[in-house]
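Okay, everyone, quick one from me today. Let's talk about salt bridges.

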Amino acid sequence: MTKRVFSGIQPTGNLHLGNYLGAIRNWEQMQHEAECVFCVVDMHAITLWQEPAALRAQTREMAAALLAAGIDPAKAILFNQSQVTAHAELAWILNCVARVGWLNRMTQFKDKAGKDREGASVGLYTYPVLQAADILAYAATHVPVGEDQKQHLELARDVAQKFNNDFGVELFPLPEPVIQGPATRVMSLRDGTKKMSKSDASDMSRINLTDDADAITAKIKKAKTDPEPLPETLEGLKGRPEAENLVGIYAALAGTSAAAVIAEFAGKGFGAFKPALAELTVAKLEPIAAEFRRLLADPAYVEDVLHRGADRARAIADPIMARVFETVGFLRR
Ligand code: AMP
Ligand code: TRP
């Protein structure tokens, strides 16, 4: 089985440091090692209401952000999901493979539907099946994601396995989640027990990829911490979620380990650590923000990248879908 990487990201809200360190930076690295297919999942976005004009603008924006973060369209395939019909077609077939009981266990549906579960869209309920279709339409073997996507990846594996078993074929490889790096779960700057999220009401809880140097510095300065200095060993970070989070962010941005950061800052207070972290964060994010702004001013280029990406994506998905239709027993020419 040849290694093929697939991952997706929703075009809702701006990218933050959690997306960047938990997912995008891994994408950027993997494009040098394997065939990569990266998808802006506009069809997943509409599982919750989206203003049409805003959805189109945000799809462009997310693509621009990914390009700014280093995704190279000459290497990786970058496109938006709705341009390739295989996603919808395979999702339907896999809806007939996945079981209601499996979807009932999905925690993200429970979180997103909230109290009014009866009022949620059916699309939100089958969201994980569309995600499985995204991956399997390309027979992808590796899926770089943040930790919060683990359950959805397990479902994709279960669906692939059941399809193969039901039809007695070896069509789909079982996709492996790739959850790696020192910051697979970046936490909120206001509460070290909650993950950094675009849906947090407080903008102070997250660092956006578009924040300028002043905003980044202010957010890190005001980040919640405890009064203790940084410990001598990694063990000493246990039970100190805010300290652990900031050390993890530093390590990820510097490209070292949390242990190395502790070795450097052991015994120092946050009065010394925070300015160093702010400086590092600004240095890493400024060039991305600048390129992002440049690309936003050139929507025709971004759309062209997505169109060409969709053509390349179809070239991979079409023969796989032909085998799927044949396997399922659809009468086609
Ligand atoms: P989302 O913004 O929730 O659509 O997530 C896009 C990608 O970023 C997914 O691969 C997530 O797992 C990842 N991600 C989102 N938030 C975080 C976080 N706080 N820490 C690490 N990874 C994250
Ligand atoms: N559900 C993912 C998220 O919220 C986005 C996504 C859609 C995805 N399809 C995917 C991720 C396929 C990996 C593979 O982040």
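So, Glu291 and Arg294 sit in helix α12, residues 270–296, three residues apart, or about one turn of the helix. Helices here are DSSP runs of H or I with at least four residues, strands are E runs of at least two, and both get numbered from the N terminus. This is a predicted model, so local features need pLDDT of at least 70 and side-chain atom pairs count only at pLDDT 80 or more, while totals for chains, interfaces and linings use all residues. Side-chain values use heavy atoms, with hydrogens and water left out, and residues are numbered from 1 along each chain as its sequence is written.

Back to that pair: Glu291 and Arg294 form a salt bridge, with the closest N and O atoms 2.9 Å apart. The cut-off is a side-chain nitrogen of Lys or Arg within 4 Å of a carboxyl oxygen of Asp or Glu. Glu291 is partly exposed at 26% relative accessibility; buried would be under 20% relative accessible area, exposed over 50%, and partly exposed is in between, using a 1.4 Å probe and protein chains only.

How many salt bridges does that rule give? The count is 15.

Helix α13, residues 299–328, holds another pair, Arg314 and Asp311, again three residues apart. Their closest N and O atoms are 2.7 Å apart. Arg314 comes out at 27% relative accessible area, and Asp311 at 45%.

Then there's Asp148 with Lys195, at 2.4 Å, N to O. That one links distant parts of the chain, 47 residues apart: Asp148 is in the loop between β4 and α8, Lys195 in the loop between β5 and α9.

Terms used. Chains lettered and ligands numbered in written order.
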